[in-house]
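Subject: Handing over a structure

Dear colleague,

Please find the sequence and the structure below, followed by notes on what was found. I would be glad if you could read the notes with the structure open beside them.

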Amino acid sequence: MVLNLRVMAPNRTVWNSEVREIVPSTSSGQIGVLPNHAPLLTALDMGVPKVRHDGQWSAMALMGGFAMVDSNQVTTSVNEAERATEIDPEEAREALQTAQADAAQAEGRRKAIEANLAFKRAKARLEASNTTQSFPLLVAPVRNDGKSMMGHTMIC
């Protein structure tokens with residue numbers, strides 16, 4: 001079984017294909033979404049979701065939004081997103097250094113908030129650009145009948 005993942009930003013569709021698993025960063029932490037996941041609507045945090053497809057893992061930098069999971073469809077509406085392959089690691093490193101310096105010099109509440117958001121964005125982009133193909137597998141407690149406590153059949 002597979003999931004149909006669609007990641008939509010205001011200016012383009014970033015991802016639209018079948019995947020085996022997605023591990024997004026939500027406002028309450030990372031979650032793993034496998035086929036036959038229970039219906040879910042969740043806020044997405046800035047972060048680096050991992051996507052398993054064709055036996056490999058991919059990543060993207062996601063700048064917040066919402067995800068809806070229903071009937072093996074994962075639809076996300078995000079503020080901004082970039083696939084890891086679209087990010088220049090050196091440019092992302094420089095942007096993070098600039099964001100760190102700006103955050104250290106921010107004066108006033110508004111400037112501090114803006115600097116913190118720029119830092120989080122730069123950090124997510126750099127993390128995504130440095131990802132490898134080996135991500136940890138989602139582990140769930142398994143019953144004796146081979147099904148996880150979440151109702152998914154585990155493949156070991």
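The chain has two helices and 10 strands, where helices (H or I, at least four residues) and strands (E, at least two) are DSSP runs numbered from the N terminus. Read from the N terminus on, the order of the elements is β-β-β-β-β-β-β-β-β-β-α-α.

A word on the basis of these notes. This is a predicted model, in which local features need pLDDT of at least 70 and side-chain atom pairs count only at pLDDT 80 or more, while totals for chains, interfaces and linings use all residues. Residues are numbered from 1 along each chain as its sequence is written, and side-chain values use heavy atoms, with hydrogens and water left out.

The pLDDT (the predictor's confidence in each residue, from 0 to 100) averages 85 over the chain, and 84% of the residues score at least 70. Over residues 133-156 the pLDDT is below 50, and this stretch has 32 contacts in the model beyond near neighbours in sequence, a contact being heavy atoms within 4.5 Å.

Of the 156 residues of the chain, 37% count as buried; here buried means under 20% relative accessible area and exposed over 50%, with partly exposed in between (1.4 Å probe, protein chains only). Among contacts between residues at least 6 apart in sequence, 52% join residues at least 24 apart.

The structure holds one cavity of 30 Å³ or more, and the largest cavity has a volume of about 60 Å³. A cavity is a set of points, on a 1 Å grid over the protein atoms alone, where a 1.4 Å probe fits but cannot get out, and its lining residues have an atom within 4 Å of a point; the points are joined across faces, edges and corners, and the volume is the space filled by probe spheres set on them. Strands E6 (40-47), E8 (56-70) and E9 (73-78) each supply at least two residues of this lining, with E6 giving the most, three residues. The lining of the largest cavity divides into nine nonpolar residues, two polar and no charged, counting Ala, Val, Leu, Ile, Met, Phe, Trp, Tyr, Cys and Pro as nonpolar, Asp, Glu, Lys and Arg as charged, and the others, Gly among them, as polar.

Thr-42 and Thr-76 are among the lining residues. Thr-42, found in strand E6, counts as buried because its relative accessibility is 12%, and, leaving aside neighbours within four places in sequence, Thr-42 is in contact with Thr-26, Gly-65, Phe-66 and Ala-67. Thr-76 lies in strand E9 and counts as buried at 4% relative accessibility; with neighbours within four places again left aside, the contacts of Thr-76 include Arg-6, Leu-44 and Phe-66.

Helix H2 (residues 109-129) has 21 residues and should span 30 Å at 1.5 Å a residue, which agrees with the 30 Å between its end C-alpha atoms; the expected span is 1.5 Å times one less than the number of residues. The buried residues of H2 include Ala-115, Ala-122, Arg-125 and Leu-126, and what covers the buried residues of H2 includes E6, E8, strand E10 (81-83) and helix H1 (89-105).

Lastly, Ala-38 is found in the loop between strand E5 (29-30) and E6 and counts as partly exposed, at 47% relative accessibility.

With best wishes

Methods:
1 Å grid on protein atoms, 1.4 Å probe; cavity = no way out; pocket = protein on both sides within 12 Å on 5 of 7 lines; lining within 4 Å.
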